[in-house]
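My entries follow in the order I made them.

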Amino acid sequence: MKQTAKWLGICLMLLWAIALNAQQTKRIAYYTAEDIILFQRYIDTMQPKRTLPMNELMIQTALFFEGTPYVASTLEKEPEGLVVNLRELDCTTFMETALALCRTLKGDQHTFEAYCDNLQYLRYRNGTITDYTDRLHYMADWFYENEQKGIVKDIAQSIGGDTLSLNLSFISTHPDSYKQLKGHPELVQKMEKKEQEINQRSHYYLPKANINALSYGIQNGDILCFATTIKGLDVTHVALAYWQAGELRFIHASSSAKKVIVQNSSLQNYANNIKSCKGLLIARPL
C-alpha cells in the first residue's frame with residue numbers, strides 16, 4: 001500500500017508538472033518527468049537527515065549525486081527560463097542544485113514547485129527572470145547577490161584572505177560565443193554595465209599558496225570557486241569543500257572524470273596543478 005501511494009503521489013506530481021508547463025502561468029521552465037522522480041527520490045532519501053547542520057546536509061546532498069554524468073551548457077535555452085536538470089550537472093549547476101535542494105528540505109514545503117522557487121531565487125538576480133542578463137553568470141556576482149539574500153556568507157576575508165581586484169569583461173567582449181547575446185547589442189550593453197558594477201565592488205580570495213595554512217577556516221560544504229588569471233574572468237571551476245581523513249578535498253562535477261566525484265587529491269595539490277588558478281573565492285551556505 002505504501003509503495004502504491006508513493007507512486008500515485010509521483011504520478012500526481014507529473015500531471016501537475018505537465019499542466020504547469022502547458023499553461024506557463026508561473027514561469028518558463030525546462031525539465032523532464034525524470035527530474036521530478038529524482039527530486040522525489042532525494043526528498044524520500046534525505047528526509048531523516050533534514051535536521052543536520054546546513055554544511056553537513058550539503059555534503060550528504062553532494063554525495064547523493066555522486067556518479068551523476070557531467071554535461072556542460074545545460075542552461076543555454078531560449079527563451080531564457082528556469083532549467084531544472086538533476087540528471088546532468090556541470091560544476092556550477094551541481095553546486096546550485098545541492099544548495100537549492102538543501103534549502104527546500106529544510107523548508108516547510110517539500111514540493112517540486114518549492115524546489116524550483118529556491119533554485120530560481122539563487123540563480124537569478126532578485127530571483128527574477130526577464131532575459132539572459134538576469135542570470136548570475138559570474139561567481140563574484142553570484143556570491144554578492146546571494147549574500148544580500150541571506151543565502152550564503154563570503155568568508156574569504158574572515159579566514160585570512162586577501163583583496164581580489166577584478167576586471168570582468170569576458171561575456172560582453174565575446175558576444176558571438178553566446179547565442180543569447182549574438183545579434184542583441186542591447187543585451188551586450190546591459191551585460192557590460194553589470195560587469196563594470198561588479199568590478200567596482202570589494203572582493204576577497206584565499207591565495208593559492210595559503211590554502212593549506214588557512215584551511216582550518218574552511219568547513220564541509222563551503223562553496224569553493226577557483227579564481228583565474230584568464231583575462232576578463234573571475235573563476236573557472238566550482239566545488240564543495242569536503243574534509244576526508246583529515247585532508248581537505250572537495251566534491252565536484254568533474255569535466256575530466258565526466259561525472260560527480262570526490263576529488264582523490266587534496267585541494268592544495270589540485271590548485272597547485274592548475275597554472276591559471278591563483279586562489280579561491282569561498283562562500284558558506286547559511
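The model is predicted.

Entry 1, second largest pocket. I read a volume of about 220 Å³ for the second largest pocket. I then listed its lining: there are 13 residues, and Glu-147, Asp-154, Ser-202, His-203 and Tyr-204 are the closest to the centre. Helix 6 (139-148) and strand 3 (152-154) each supply at least two lining residues. Helix 6 gives the most, with 4 residues. By class I found 5 nonpolar, 4 polar and 4 charged residues in this lining.

I read about 740 Å³ of space for the largest pocket. Its lining has 27 residues, and Glu-76, Asp-90, Thr-92, His-137 and Tyr-178 lie nearest the centre. Two or more lining residues come from each of helix 4 (91-106), helix 7 (170-173) and strand 7. I sorted the lining of the largest pocket into 14 nonpolar, 7 polar and 6 charged residues.

I located His-237 in strand 7 (residues 235-244). Is His-237 buried or exposed? I call His-237 buried because its relative accessible area is 12%, and the cut-off for buried is under 20%. Leaving out residues up to four places away in sequence, I found that His-237 touches Cys-91, Leu-224, Cys-225, Phe-226, His-252, Ala-253 and Tyr-270. For Cys-225 I noted a C-alpha to C-alpha distance of 5.7 Å from His-237, at 12 residues apart in sequence. With His-252, the His-237 side chain makes a side-chain polar contact at 2.7 Å.

Notes:
Residues numbered from 1 in each chain as written. Predicted model: local features only at pLDDT ≥ 70, side-chain atom pairs only at ≥ 80, totals over all residues. Heavy atoms only, no water. Buried < 20%, exposed > 50% of the residue type's maximum accessible area, 1.4 Å probe, protein only. Contact = heavy atoms within 4.5 Å. Polar contact = N/O pair within 3.5 Å; in protein donor to acceptor, adjacent residues only side chain to side chain. 1 Å grid on protein atoms, 1.4 Å probe; cavity = no way out; pocket = protein on both sides within 12 Å on 5 of 7 lines; lining within 4 Å. Points joined across faces, edges and corners; volume = space filled by probe spheres on them. Nonpolar A, V, L, I, M, F, W, Y, C, P; charged D, E, K, R; others polar.
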